[in-house]
Amino acid sequence: TPGYAWTITCGASTYNIDETRKKFSELRPIFNNIFASFTILNINNAHSEDLNDAQIKQIENIAQSIASTSNANAKAIQESNSLNSFHATAKGRNVIFEYILQTKKGLSLQELNETDDAIRKEVIPKICMNNVNNPAFDRGLNYTLIYKNTYNEKIAEFKIDKALCSKFNK
């Protein structure tokens, strides 16, 4: 069940489990759209360690394109009740997604851990599934997801790469 952690991330106005489940159900299509933005262009197969400078630049350009496309869709993402804002940047072959969530200030360590765990369980398998046949992912494209609240307190941060996804895509 979504539980208390989803109350925090889905923007429910109280900590009522029924409201949380309802809010999560309403927001699931928006979350799915966010995850769908991780779909990448098809490029030639090669392993990360075999890349030349031109191939690395190609992956970096793909990362830039993903960030730009995601930012172009930011308004739709922000219109959800759970996100105050969203922004993506690219650094090398890493795309950094920063989500600002509407949560209360000063979450306890237990609340942070519960929220981090819930986000990871929801997000990582979907991103890995969306990248299972992505040659750019094989070539070092990776994602960093950062979740903060409106008070700039970090809620969760994690990196998703081919090595992590190999544990999910068996």
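1. A salt bridge is taken here as a side-chain nitrogen of Lys or Arg within 4 Å of a carboxyl oxygen of Asp or Glu. On that criterion, the structure contains seven salt bridges. The model is predicted: local features need pLDDT of at least 70 and side-chain atom pairs count only at pLDDT 80 or more, while totals for chains, interfaces and linings use all residues. Residues are numbered from 1 along each chain as its sequence is written, and side-chain values use heavy atoms, with hydrogens and water left out.

2. One of these salt bridges joins glutamate 98 to lysine 148, with 3.2 Å between the closest N and O atoms. The two residues come from distant parts of the chain, 50 residues apart: glutamate 98 belongs to strand β2 (residues 94–101) and lysine 148 to strand β3 (residues 142–149). Helices (H or I, at least four residues) and strands (E, at least two) are DSSP runs, numbered from the N terminus.

3. Burial is classed by relative accessible area: buried means under 20%, exposed over 50%, and partly exposed in between (1.4 Å probe, protein chains only). Glutamate 98 is partly exposed at 25%, whereas lysine 148 is buried at 17%.

4. A further salt bridge pairs lysine 104 with glutamate 111, at an N to O distance of 2.8 Å. Lysine 104 is partly exposed, at 33%; glutamate 111 is buried, at 10%.

5. Within helix α5 (residues 109–130), lysine 126 and glutamate 122 lie four residues apart, about one turn of the helix. Their side chains form a salt bridge of 2.6 Å, N to O. Lysine 126 is partly exposed at 23%, and glutamate 122 is buried at 12%.
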